[in-house]
Structure formats: structure tokens, C-alpha cells
Amino acid sequence: ALDSMQRHNLILHYAAALEATSSHPVGMALVPYALGAHSEKGHLSDQSIALGSGYGLPPALGIKVCVGQGIVGTVEQTPVAVGNWGLMKRLGVALPEGVRKDGVLPWDQWMKDAKTIAFVALGGRLELALALCDRPKTDAAATIQVLQDAGVWPALVTGDLPDCASALAQSVGIMEYHAAMQPMQKLEWIQKQQKSRRVVGMVGDGI
């Protein structure tokens with residue numbers, strides 16, 4: 001039988017096996033973390049909540065990307081899902097008994113601290129919650145200021161939840177942000193700006 005740390009690492013490796021096939025920022029953070037390294041493009045905080053093989057990753061099969069939610073597949077004959085709570089709800093994954101205490105979930109504070117939560121489910125059971133956070137480049141705030149001085153209005157349009165989006169926007173001086181946006185909603189937002197005769201440039205993924 002596996003002890004708690006071995007099981008934690010196994011779950012992490014299964015999640016990384018899926019994310020290794022993706023170019024999503026979550027994958028860029030999760031894979032090197034699972035392998036004991038650190039990503040330059042993103043990082044996993046030193047926080048993870050366990051709810052429930054070497055240096056290589058096992059192969060993932062039947063991979064399906066759920067746009068705006070996460071990724072699912074099978075690793076060593078075990079169904080694995082990594083994504084946001086919307087994906088977990090869609091798959092019928094429930095909170096383990098006793099996780100919510102006095103109406104508060106363990107990861108609520110993470111979201112208030114501008115962290116994105118990635119959930120990992122194995123075989124339909126929620127096993128792990130991981131806190132990820134964006135690290136703006138050191139010159140991000142200065143760059144935003146230069147754009148504003150030039151008459152450009154920056155806006156953050158993100159799939160992150162409101163607390164996370166708000167904290168990130170404030171940290172770099174962006175006044176306008178739109179949170180919890182699915183890819184099609186981002187596209188619709190851009191099209192709305194264009195219909196208002198605004199010239200729009202987009203940087204990033206998600207559409």
C-alpha cells in the first residue's frame with residue numbers, strides 16, 4: 001500500500017501526464033513541479049491540499065481538452081481529470097465529506113490571494129487541489145504605464161475567478177478586468193469593442 005506522500009506524488013504524476021500534452025499555462029507550471037523542477041513561465045505555489053515513479057511520466061491516453069475548463073484522459077487505466085471546478089461539476093465529481101467547514105473551503109483563501117485553483121480527480125473522486133499563481137514580469141507595471149501614457153487602454157480578460165483577476169490587475173496597474181470568461185466570451189468581448197470602432201490587440205492564449 002502507498003503511504004500518503006507516495007499517493008500524493010502518484011496523483012501529481014498522473015495529472016502531469018495529462019498536462020504534458022498541453023500548452024496551457026497550467027501544464028507549464030504543473031509538469032515541472034511534478035518532476036521536481038520549476039517553470040520559468042509559471043509556478044505552482046508551495047501549497048497543495050491532498051484530498052484523498054521515477055523522473056518520467058506515464059503515458060496518457062484518450063486525451064480530451066475541455067475548452068475553458070481543463071483536460072481529461074486515462075493514465076495507467078485510471079480516468080484522470082485536471083481543471084477548474086466547472087469541469088469537476090460537469091464530470092459529477094463531488095466534494096469529499098468534511099472538506100467544507102463552517103461554510104468555508106480550504107482553498108477559499110488561496111483565491112483571495114490571487115491564486116488559481118486546479119483540481120485533480122482520479123476515477124471520479126476529487127483527490128487534490130493545487131494553488132497556482134501568475135508572476136508578472138518585473139517590468140509589467142512599467143510597460144502598462146507606457147501603454148497608458150501612449151493612449152492605449154489595457155484590459156485583463158481572463159478565465160480566472162474575480163478575486164484572482166482583481167489582485168493581478170491591481171498589481172500591474174490595469175484598471176479594467178473581466179473575470180471568469182470562457183474563450184467564446186473573450187471573443188465576444190473583443191468583437192463588442194471592435195463594433196464600437198475601437199482598434200483591439202490581444203496578447204495571450206484562451207481564444
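Predicted model: local features only at pLDDT ≥ 70, side-chain atom pairs only at ≥ 80, totals over all residues.

Colleague: Which strands does β5 pair with?

Modeller: One is β4, residues 78-83, which runs antiparallel to β5 and is joined to it by four bridges. Ala81 is bridged to Ala121 in β5 there. Another is β6, residues 125-133, also antiparallel to β5, with seven bridges between them.

Colleague: How does the chain get from β5 to β6?

Modeller: Through a hairpin with two residues between the strands. Gly123 has a positive phi there, near 60°.

Colleague: Where do positive phi values turn up in residues other than glycine?

Modeller: Glu76 has one, near 50°, and Gln77 has one of about 65°. Glu76 sits in the loop between β3 and β4, and Gln77 is in the loop between β3 and β4 as well.

Colleague: How accessible are those two, Glu76 and Gln77?

Modeller: Glu76 is at 49% relative accessibility, so it counts as partly exposed; the cut-off for exposed is over 50%. Gln77 is exposed, with a relative accessible area of 78%.

Colleague: Let's switch to helices. How do α1 and α2 cross?

Modeller: Helix α1 is residues 4-19 and helix α2 is residues 25-34; their axes come within 9 Å and cross at roughly 135°. That angle is why α1 counts as oblique to α2. The crossing of α1 and α2 is left-handed.

Colleague: Which residues meet between α1 and α2?

Modeller: From α1 you have Leu12, His13, Ala15, Ala16 and Glu19, and from α2 there are Val26, Gly27, Leu30, Val31, Tyr33 and Ala34. By type, the residues of that contact split into eight nonpolar, two polar and one charged.

Colleague: What about α6, which of its residues are buried?

Modeller: Helix α6 is residues 162-172, and the buried ones are Cys164, Ala165, Ser166, Leu168, Ala169 and Val172.

Colleague: What covers those buried residues of α6?

Modeller: The cover includes β5 again, plus α4 (108-112), α5 (140-149), β7 (155-157) and β8 (176-178). After α6 comes Gly173, with a positive phi near 85°.

Colleague: Now some single residues. Where is Leu57?

Modeller: Leu57 is in the loop between β1 (43-50) and β2 (60-66). Its relative accessibility is 28%, so Leu57 counts as partly exposed.

Colleague: What does Leu57 touch away from its own stretch of chain?

Modeller: Leaving out neighbours within four places in sequence, Leu57 is in contact with His13, Ala16, Ala17, Ala20, Val31 and Leu35. His13 and Ala16 also belong to the α1 side of the contact with α2, and Val31 to the α2 side.

Colleague: How far is Leu57 from Val75?

Modeller: They are 9.6 Å apart, C-alpha to C-alpha, and 18 residues apart in sequence. Val75 lies in strand β3, and with a relative accessible area of 0% Val75 is buried.

Colleague: Which residues does Val75 touch?

Modeller: Not counting residues up to four places away in sequence, Val75 touches Tyr14, Ala17, Leu18, Pro58, Pro59, Ala60 and Val80. For Pro58, 17 residues away along the chain, the C-alpha separation from Val75 is 6.8 Å.

Colleague: Last one: is Leu87 buried or exposed?

Modeller: Leu87 is at 0% relative accessibility, so it counts as buried. Leu87 lies in helix α3, residues 85-90. Beyond its neighbours within four places in sequence, Leu87 contacts Cys66, Gln69, Gly70, Ile71, Val72, Ala81 and Val82. Cys66 is 21 residues from Leu87 in sequence, with 7.8 Å between their C-alpha atoms.

Methods: Residues numbered from 1 in each chain as written. Heavy atoms only, no water. Pairing = 2+ DSSP bridges. Axes fitted to C-alpha atoms, helices over the stretch in contact; angles between N-to-C directions. Parallel < 35°, antiparallel > 145°, perpendicular 65-115°, else oblique. Left-handed = near helix turned anticlockwise from the far one by under 90°. Contact = heavy atoms within 4.5 Å. Nonpolar A, V, L, I, M, F, W, Y, C, P; charged D, E, K, R; others polar. Buried < 20%, exposed > 50% of the residue type's maximum accessible area, 1.4 Å probe, protein only.
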